[in-house]
Amino acid sequence: MKIINMPSFGADMAKGEVAHWNVKAGDTVKKGDIIASIETMKGLIDMEVFDDGTIEKLLVDEGIELSVGQPIAEFRLANEPSLDNTAQAAVSHAPEKQQPEKKQPETETSERPEFAAQPVIKIPIIQKSETFSGEANTAKISPAARQKAKELGIDWRLITHGQGPDGAIVLADIERTASAEPNKHGINDPMRQAIAAVVSRSKQQIPHYYLQLDMVVDGAQHWLTKHNQSLPSEQRILLNAIIYTAIAHALKSFPEFNGFYLDGKFAAAESVHLGNVINLRQGGLVVAAIHNAESLGCEQMMIKLKDQVIRAREGGLRMSEMQDATVTVSNLGERGCDTIQSIIFSPQVAIIGIGRQRTVPWVVDSNVTSASIVSITLAADHRVSDGHSGARLLNKINQLLQKPERLICTRNHSKNRSAN
Amino acid sequence: MNTDIQNNDNKTTETLTYREAMRLAIQESMVADERVFLVGEDVGNYGGCYAVSKGLSEQFGPQRIIDAPLSEAGFVGAGVGAAIGGMRPIVEVMTVNFSLLALDQIVNNAATLRHMSGGQLSIPLVIRMATGAGKQLAAQHSHSFENWYAHVPGIKVLAPATVADARYMLSMALADPDPVVIFEHVMLYNNSEPMPTTDDCADMHKAQVRKTGSQISLITYGGSLGKTLEAAAILEQQGICAEVIDLRCLRPLDTATVFASVNKTKRVLVVDEGWRTGSLAGEICALVAEHCFWSLDAPPKRQCSIEVPIPYPRHLEQAVLPKVEQIVESAMELVTNGQAMS
Amino acid sequence: MHQEPLKESVSQLILNIAPEVDMNTLDPNDDMRDELDLDSIDFVRLLTSIEQKLGVRIPEGDYAQVNTLQKMLDYIAQNR
Amino acid sequence: MIIDNTKPHIDKAHLHQLLKQMLRIRRFEEKCAQLYTQEKIRGFLHLYIGEEAIAVGVMKSLTKDDAVLATFREHGHALARGLEMNKVMAEMYGKVTGSSRGRGGSMHIFDSDLRFYGGNAIVAGALPLAVGLALADKMQNKQNVTVCFFGEGAVAEGEFHESLNLAKLWQLPILFVCENNGYAMGTALEISESEQHIYKKAQSYGLDVRQVNGMNVVDVESVAKHYCDAIRQGAGPCLLECTTYRFRGHSMFDTQLYRSADDVKKWKDKGPIVKLKNWLQANNELSPHELQQIESDVAKEVDSAVAFAEQSAFEDESDLCLGVYTEGKI
């Protein structure tokens with residue numbers, strides 16, 4: 001038994017309709033007989049049968065539109081099985097379209113366009129968070145300049161006005177800032193000039209106010225020594241890591257200290273990208289952001305700090321790390337000094353300084369004893385916050401510092417632990 | 001102008017014109033290989049519309065220097081057929097303007113048959129055409145369509161700009177088993193240079209650095225080379241060191257030389273007598289943007305003809321075509337980012 | 001001095017962390033951390049490399065016994 | 001104009017061969033029509049049904065070194081010239097085993113060994129090529145003939161005028177064969193040519209011309225032989241106008257509104273195969289068994305060609321750019 005299908009008369013013929021049957025069930029026909037006329041978009045075309053045989057059954061009435069390849073009649077070849085060999089059979093049974101074999105790459109040579117529903121590619125709309133967390137300034141920079149800046153480890157963002165068209169930063173700007181001997185100290189060291197540009201702008205534009213709170217760290221130090229006792233030096237945690245973690249977790253609840261002040265408006269940042277000031281061995285500093293610090297435990301914070309120091313000193317910091325800190329922490333290390341009154345890195349709105357750990361006389365219940373303390377200072381932008389909330393932030397840090405065991409684990413989701 | 005070339009080979013002369021160089025090239029190739037013949041309008045008795053084939057008919061006879069009737073499709077198609085048939089024809093289409101009548105034979109037969117026949121047919125054919133404006137021949141006789149031909153896979157496109165290239169590129173094209181189209185800018189025929197030798201002409205696929213420089217790459221071809229070198233000289237006096245790249249081969253493009261230059265100078269200006277839209281200059285700027293993006297210190301720029309039919313009056317024709325002053329100004333703007341030079 | 005090879009390898013470990021340091025101007029009995037400006041993270045990195053390369057673990061409690069180059073060399077020699 | 005009676009002595013075996021050649025073409029084309037309705041063959045498909053006598057008749061007079069150029073209605077010419085039916089069918093499928101690696105399809109079948117320089121989708125596009133091939137043969141003093149088939153539609157193209165003029169101007173060894181089937185796609189000859197006798201047009205260029213009944217394979221063969229011999233001895237270009245008729249549409253998607261069904265029927269009764277078969281049977285030169293044997297041989301050849309095409313692979317995409325230039329070797 002063979003099926004006769006709606007024939008294709010041209011590449012652009014997708015559908016056809018039996019306008020008129022010339023035969024009925026039971027009729028015997030000869031090869032080449034016209035058994036129907038097919039209505040196409042170009043008009044009527046005769047449809048011939050390609051073998052001698054008998055029409056078994058008409059499967060579709062006149063006037064019904066079908067797509068090419070749909071069955072329209074059943075046909076029994078004259079001498080079943082006719083002399084045609086497999087080739088004939090191969091062709092006559094349900095004809096699949098001109099498909100390449102499976103292993104062949106899909107080269108669809110049938111020109112009948114597949115109008116199968118095109119998968120609608122849903123372009124994920126990036127939720128532009130209303131709180132500002134992206135590029136600090138929209139300055140233009142040429143690709144060559146950007147490439148050179150990366151090579152020289154210069155944060156081109158610190159260059160306020162390039163000599164290119166409408167202030168675009170070009171190669172000359174980068175080379176000018178790097179024109180001095182790179183490793184020679186001195187005021188025209190490009191790093192120095194870049195830092196000079198930032199700190200002078202911050203000092204002039206940002207109305208700083210300063211607060212300080214001395215925090216007892218004996219508890220934390222004791223917990224640390226017990227924690228590190230059995231660990232190889234590689235996994236030991238330093239006190240700083242605990243302090244950074246406390247600061248990051250506290251800042252989560254004080255958005256007015258974590259974000260950017262731009263064009264007269266403050267935008268709080270979505271998460272805490274804690275800027276870690278790293279002093280480079282040959283002088284100068286780089287600020288590397290620890291992303292989403294509010295969700296890190298102190299173990300992870302320690303790993304991040306070590307990793308960033310190593311990469312900073314080997315020039316391996318990524319551009320993104322050097323650009324998107326939302327608040328900064330500065331510390332001068334064990335041999336630093338008691339307190340640091342820092343300058344805010346514009347366009348951020350706060351900077352926290354960590355003095356060196358030191359032992360001082362300390363009054364407890366009117367008895368004088370000794371205690372190991374660290375002075376934590378806050379310099380903040382008075383346009384955005386006031387001393388009252390600054391003090392509450394410092395106290396929150398102190399309170400978290402007294403319970404180091406709570407800071408150990410990585411918080412899976414900072415949202416559900418909104419403090420205060 | 002030294003017009004007649006003695007036909008003996010031991011002739012030495014101090015200088016050679018572009019036209020004489022091409023004539024020598026044809027003469028030399030026909031002596032070397034009897035499969036080579038020249039067919040085209042007025043190439044025989046008349047000696048060639050631009051006098052390139054002057055005297056060749058007397059030397060080789062009308063069977064090998066064949067005057068063709070005004071049947072561009074006919075004799076260009078015949079050239080394709082003869083090439084398939086085992087000859088090495090040089091078909092001279094008087095100018096690119098007339099080649100429009102033979103585009104079907106060039107694109108659908110010459111460029112396509114090798115690939116479409118599954119590699120069975122080879123078409124070792126050379127088609128030479130004059131091109132470009134500057135002789136006040138008005139719109140229909142002043143076209144620059146190198147970009148049309150350089151768009152077609154299956155043919156190669158050459159633009160000899162110097163007398164040395166005119167002298168030695170033809171033999172390379174004839175040796176190539178695939179169809180090669182050679183554009184000869186009408187303003188070059190009278191150029192005269194010292195007698196070139198084979199090592200004054202690099203491989204036909206290679207671009208050439210005609211002047212080294214460090215601050216900007218001026219990329220050009222054919223008839224625009226002269227004005228680009230002139231502009232580079234003026235820039236030099238104004239303290240700007242420009243590099244000049246002569247493409248020589250428009251398909252396939254020698255992108256290695258172009259990229260090396262742009263990556264060095266960080267800036268690129270393409271000088272192209274074609275109309276800007278869909279021009280070869282556009283193609284080069286796209287390639288530079290794709291492959292040299294990270295070394296660009298200024299946007300790639302083009303200096304092309306104004307998009308109008310080339311007008312007949314001289315002052316208007318000159319206004320349309322890229323000018324030396326414009327090249328200098330554009331280059332200056334790219335190098336100094338628009339500020340006055342300190 | 002039989003300690004020569006040990007001094008060599010410890011100096012190398014220090015140079016990995018502070019490449020610009022000039023080891024021969026360092027007085028073996030001066031406080032290393034002050035002289036070489038090693039902050040706490042540098043110091044922990046030094047201890048880690050000693051532990052990994054020389055197989056000697058220096059617990060936090062013994063930090064005081066290794067604050068000069070000489071004392072560190074002695075400490076390592078005893079505990080290898 | 002009737003041909004003179006210098007009909008060559010024709011024997012039974014030769015006539016059977018002519019009949020078989022025409023049936024090979026007829027059955028091949030009918031199978032292609034079927035495969036096209038099943039979307040196995042795509043693109044354009046122009047069938048040679050009804051004009052078989054011309055290709056078969058002319059090809060008989062050619063040597064293997066002669067050059068042949070045809071048109072987009074070229075299957076008959078390719079088969080008559082000797083291309084393997086497997087390769088032609090595989091080319092229709094677009095398979096890599098096809099005559100042009102599947103790249104050309106129905107209108108672009110090539111075989112450089114047989115100097116079959118393919119079909120051409122551009123009407124009259126091949127005429128200048130024929131001029132060039134003949135020019136090359138002449139320059140290399142080879143005794144070859146270049147045969148260029150084209151439909152009466154091509155005479156309206158500038159290239160017809162340019163090519164015939166060049167051919168006569170340069171006295172080239174070309175046999176132009178015009179298959180005048182009366183219709184250029186949907187345009188009848190009456191409404192496209194001021195002078196409808198194609199051979200008269202050619203005469204104006206000084207070509208030796210002849211008109212012949214394209215349905216009579218014996219006449220076509222004898223005139224073609226006469227001309228090929230003359231051309232080989234330097235008679236210069238000649239034109240043979242064969243009046244014929246295509247029993248099918250211009251291509252598959254053709255409603256044939258431009259002609260009546262009984263007009264088609266009238267021509268079918270005078271078709272080239274019917275004509276020869278009836279003559280042979282009338283003269284007891286073709287028994288039913290012999291006919292049945294020819295038909296079954298042809299059917300086997302067609303079926304194995306289809307099987308060959310079905311099993312062949314498509315060209316691998318990675319070879320796509322091979323062959324654009326010579327160095328991209330294939």
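**Sheets and interfaces**

Colleague: Start with chain B. How many bridges join strand β10 to β13(B), and which way do the two run?

Modeller: Three bridges join β10 (residues 216-220) of chain B to β13(B), and the two strands run parallel. Keep in mind that this is a predicted model.

Colleague: Which residue of β13(B) stands opposite Leu218(B)?

Modeller: Leu269(B).

Colleague: What packs on that sheet?

Modeller: Helix α9 (residues 225-237) of chain B does. It touches β9, β10, β11 (242-246) and β13 of chain B. The direction of α9 makes about 170 degrees with that of β11(B).

Colleague: What is the strand order in the sheet of chain B that has mixed pairing?

Modeller: The order is β9-β11-β10-β13-β14, five strands in an open sheet.

Colleague: Why does β9 of chain B have one side without a neighbour in the sheet?

Modeller: β9 (208-211) stands at an edge and has a single partner strand, so one side of it is left without a neighbour in the sheet.

Colleague: How does it connect to β13(B)?

Modeller: Four bridges join β13 (residues 268-275) of chain B to β14(B), and the strands run parallel. Val270(B) stands opposite Arg302(B) in β14(B). With helix α11 (residues 280-291) of chain B, β13(B) and β14(B) make a right-handed β-α-β unit.

Colleague: New strand. How many residues of β4 in chain B are buried?

Modeller: Seven of eight, for β4 (residues 88-95) of chain B.

Colleague: Which strands pair with it?

Modeller: β2 (residues 36-40) of chain B pairs with β4(B) in the parallel sense over five bridges. Strand β5 (residues 126-131) of chain B also pairs with β4(B) in the parallel sense, over five bridges.

Colleague: Which residues stand opposite each other in those pairs?

Modeller: Gly40(B) stands opposite Glu92(B) in β4(B). On the β5(B) side, Val91(B) stands opposite Ile127(B).

Colleague: Give me the overall numbers for chain B. How many helices and strands?

Modeller: 13 helices and 14 strands. Of the 342 residues in chain B, 55% are buried. Among contacts in chain B with a separation of 6 or more, 77% are between residues 24 or more positions apart.

Colleague: Now interfaces. How many residues of chain B are in contact with chain D?

Modeller: 32 residues of chain B, in contact with 33 residues of chain D. On the chain B side, α3 (72-84), α5 (103-110) and α6 (113-116) each supply at least two residues. α3(B) gives the most, with ten residues.

Colleague: How do the residues on that side of chain B divide by class?

Modeller: Twelve nonpolar, 17 polar and three charged.

Colleague: And how many residues of chain A are in contact with chain C?

Modeller: 17 residues of chain A, in contact with 15 residues of chain C. Elements giving two or more residues on the chain A side are α5 (218-229) and α7 (298-313). By class, that side of chain A has four nonpolar, seven polar and six charged residues.

Colleague: Switch to chain D. What is the strand order in its open sheet?

Modeller: β1-β2-β3-β7-β6, five strands with parallel pairing. The edge strands are β1 (67-69) and β6 (208-213) of chain D, each pairing on one side only. Neighbouring strands are turned by 15 degrees against each other on average, direction ignored.

Colleague: How many bridges between β2 and β3 of chain D?

Modeller: Six. β2 (residues 146-151) and β3 (residues 174-180) of chain D pair in the parallel sense. Phe149(D) has Val177(D) in β3(D) as its bridge partner.

Colleague: Which helix lies across β1, β2 and β3 of chain D?

Modeller: α5 (residues 127-139) of chain D, running at about 170 degrees to β2(D).

Colleague: Last thing, confidence. What are the scores?

Modeller: ipTM is 0.65 and pTM is 0.65. Chain D averages a pLDDT of 92, with 96% of the residues scoring at least 70.

Colleague: Where in chain D does pLDDT stay under 50?

Modeller: Over residues 1-6 of chain D, for which the model has five contacts beyond four places in sequence. Where pLDDT is low, the predicted coordinates should not be read in detail.

Note on methods:
Residues numbered from 1 in each chain as written. Chains lettered and ligands numbered in written order. Predicted model: local features only at pLDDT ≥ 70, side-chain atom pairs only at ≥ 80, totals over all residues. Contact = placed C-beta atoms within 7 Å. Nonpolar A, V, L, I, M, F, W, Y, C, P; charged D, E, K, R; others polar. Pairing = 2+ DSSP bridges. Axes fitted to C-alpha atoms, helices over the stretch in contact; angles between N-to-C directions. Right-handed = clockwise from strand over helix to strand, strands pointing away. Buried ≥ 20, exposed ≤ 12 C-beta atoms within 10 Å, placed from the backbone. pLDDT = per-residue confidence, 0-100.
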